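Have a look at the sequence and the fold, then read on.

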Amino acid sequence: MPRFLSRDESWRFCDYLDKHIPWTRPTIRVFGRTCLQPRDTCYIADAGLTELVYSGYQPHAYSWDDYPLLKEILEAVHNALPGSKFNSLLLNRYKGGNDYVGWHSDDEKLYGSTPEIASVSFGCEREFFLKKKPSKNSQARRPDDEPVRKRSKMGGDADQHTFVLKHGSLLVMRGYTQRDWIHSVPKRAKAEGLRINLTFRRIIS
């Protein structure tokens, strides 16, 4: 949904998130190596949920009540996706084109076998790549080592798709997306502006 929120409303949210969220850039462990995560992050969740851990990092879970505007965005997402019941939120801030997220899938067990993830983007538009996981029988390189061919704004072949996530847009991943696909937001030298992305999730275990 490229026009999920109006332009003015989206800038209001973006400015608030940039200035008021307690951003941190944690140290994570990827493929046996320790490194600084290439983007800022923050985590919000209902009380009493299973704790999130990824790449050896366990973020502190802040309360929705601490950031009322996040509850406003959550309500808008729920209105757009009837039946959805998100109870956690992972926020990421990309300060420029050198900030990125490598190939991965959000297949942690706490989200269940068919997780739904609603991704809302603010600020500088960035490309979002979605690629089929290699079959178990194929000899594949590590996901973060694979080059990505540049494609049209919304296209690709059957095994790869590209979406340009615009200011105020909403992207939804459902079903077996996390089981069968990996996704990334690659580095882009020309992407000089700030981007903030919110991924709403439901923890079920």
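Let's begin with D107, which is partly exposed, its relative accessible area being 44%. The label "partly exposed" covers what lies in between buried (under 20% relative accessible area) and exposed (over 50%), worked out with a 1.4 Å probe on protein chains only. You'll find D107 in the loop between β6 (101–104) and β7. Helices (H or I, at least four residues) and strands (E, at least two) are DSSP runs, numbered from the N terminus.

Before going further, keep in mind that this is a predicted model, where local features need pLDDT of at least 70 and side-chain atom pairs count only at pLDDT 80 or more, while totals for chains, interfaces and linings use all residues. Residues are numbered from 1 along each chain as its sequence is written, and side-chain values use heavy atoms, with hydrogens and water left out.

**The listed binding site**

Back to D107: leaving aside its neighbours within four places in sequence, D107 is in contact with K133 and Q178. Contact here means heavy atoms within 4.5 Å. D107 also turns up in UniProt, where an unreviewed entry lists F31, G32, R33 and D107 under "binding site". UniProt positions are given in the numbering used here, feature names are shortened, and annotations may be inferred rather than shown by experiment. From that list, G32 sits in the loop between β1 (27–30) and β2 (33–36). G32 counts as partly exposed too, at 49% relative accessibility.

**Salt bridges**

Side chains of opposite charge can pair when their charged atoms come close. A salt bridge is counted when a side-chain nitrogen of Lys or Arg is within 4 Å of a carboxyl oxygen of Asp or Glu. By this rule the model has 14 salt bridges. Three of them are set out here.

| Salt bridge | N to O distance |
|---|---|
| R93 and D40 | 2.9 Å |
| R201 and D106 | 3.7 Å |
| R179 and D180 | 2.8 Å |

Take the pair R93 and D40, whose side chains meet in a salt bridge. R93 belongs to strand β5 and D40 to strand β3 (residues 40–45), so the pair ties together parts that are 53 residues apart in sequence. R93 is buried at 11% relative accessibility, and D40 is buried as well, at 4%. Both residues also belong to a network of salt bridges that links D18, R25, D40, R93, K95 and D99.

Next comes the salt bridge between R201 and D106. R201 is in strand β12 and D106 is in the loop between β6 and β7, so this pair ties together parts that are 95 residues apart in sequence. R201 and D106 are both buried.

**Helix α1**

Helix α1 (residues 7–20) has 14 residues and reaches 20 Å from its first C-alpha to its last, close to the 20 Å expected at 1.5 Å a residue. That expected span is 1.5 Å times one less than the number of residues. Which residues of α1 are buried? They are S10, F13, C14, Y16 and L17. These cover an arc of only 165° around the axis, which puts them on the same side of α1. The arc is taken from the directions from the helix axis to the C-beta atoms. What do the buried residues of α1 pack against? Their partners are α2 (68–80), β5 (88–94), β7 (117–123) and β12 (195–201). The face turned away from the buried side carries the exposed residues R7, D8 and K19.

**H167 and its surroundings**

H167 lies in the loop between β9 (160–165) and β10 (169–173), and is buried with a relative accessible area of 14%. Its side chain makes a polar contact of 3.3 Å with the side chain of W11. A polar contact is a pair of N or O atoms within 3.5 Å; within protein, one must be able to donate a hydrogen and the other to accept it, and residues adjacent in sequence count only if both atoms are side-chain atoms. A polar atom of the H167 side chain also lies 2.8 Å from the backbone nitrogen of G123. Leaving aside neighbours within four places in sequence, the residues in contact with H167 include P2, R7, S10 and C14.
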